[in-house]
Structure formats: C-alpha cells, structure tokens
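Please look over the sequence and the structure shown here, and then follow the paragraphs below from one part of the chain to the next.

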Amino acid sequence: MFKYTPIYANGKEPVIEEQDVYRIEIPYIPTLQGSDVEATQKSTQKSTQKIIELIKDNPQITTQEMAEAIGIIRRTVAKHIKSLQEKGIIKRVGPDKGGHWEVVGD
C-alpha cells in the first residue's frame, strides 16, 4: 500500500489513524478527466458500430473474429455485445455454435 499509492496518487501517501478502531485513508486521483473521458466514449461508440457492421456482413461471425477485426480483446467485444443486446439493437438466434446474430434495430 505504501509502495504503490504514491505512484497512483501523484505522490500522496496513505494516512493511518489509530483509535478504538483504525482507519486508513487512501488518496484518490481520478485518471480519466475531460477529453480522456470523451475519447473513451468515442472509442466505445466506434467499437460498437464496427460490431454492428461486422454482424451485418457476416451473421455467423464469432466474438473472437470480431475482436481480431477491431483490434480489441474478446472479453471487451462480449461486453459491447451484451450492451447492444440489452438495448435491443442485436439478438442471438440459435445456440452459440451454429446460431447467428441479427441486427434488430440501429
């Protein structure tokens, strides 16, 4: 804790207070601010749009193939897909093996 907190909190150290119980205060410095947040949102939008395009081009595409085409990891693709399904934009028809994707609404 004392080793890594200063690295992630711009040199600030954790504070330990001892009384009946002890309390540890670890400073928090947000890492994403302003334009970083906007850049992350734009990247997410581009990735989800690319996933929709890939599904339109090949409804039998796998999440691994999507990840390779976009240049992100498969787990991130799975998160985007889950979000798209919750929003009613895409749906899975049939089983994981042998099924296909459908774009329901854009």
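His-80 is placed in helix H4, helices being DSSP runs of H or I with at least four residues and strands runs of E with at least two, numbered from the N terminus. The model is predicted, so that local features need pLDDT of at least 70 and side-chain atom pairs count only at pLDDT 80 or more, while totals for chains, interfaces and linings use all residues. Residues are numbered from 1 along each chain as its sequence is written, and side-chain values use heavy atoms, with hydrogens and water left out.

Because buried means under 20% relative accessible area (exposed is over 50%, partly exposed in between, with a 1.4 Å probe and protein chains only), His-80 counts as buried at 10%. Apart from neighbours within four places in sequence, His-80 is in contact (heavy atoms within 4.5 Å) with Thr-44, Ser-47, Thr-48, Ile-51 and Ile-72. Ser-47, which belongs to helix H2 (residues 35-57), is likewise buried, at 9% relative accessibility, and Ser-47 touches Ile-70, Ile-72 and His-80 when residues up to four places away in sequence are not counted.

Helix H4 (residues 74-86) also packs with helix H3 (residues 63-70), at an angle of about 105° and with the axes 8 Å apart, where axes are lines fitted to C-alpha atoms, for helices over the stretch in contact, and angles run from 0 to 180 degrees between N-to-C directions. Since angles of 65 to 115 degrees count as roughly perpendicular (under 35 is roughly parallel, over 145 roughly antiparallel, and the rest oblique), H3 and H4 are roughly perpendicular to each other. Here Thr-63, Gln-64, Met-66 and Ala-67 of H3 meet Arg-74, Val-77 and Ile-81 of H4.

Elsewhere, Tyr-22 lies in strand S2 (residues 22-25) and, at 60% relative accessibility, counts as exposed.
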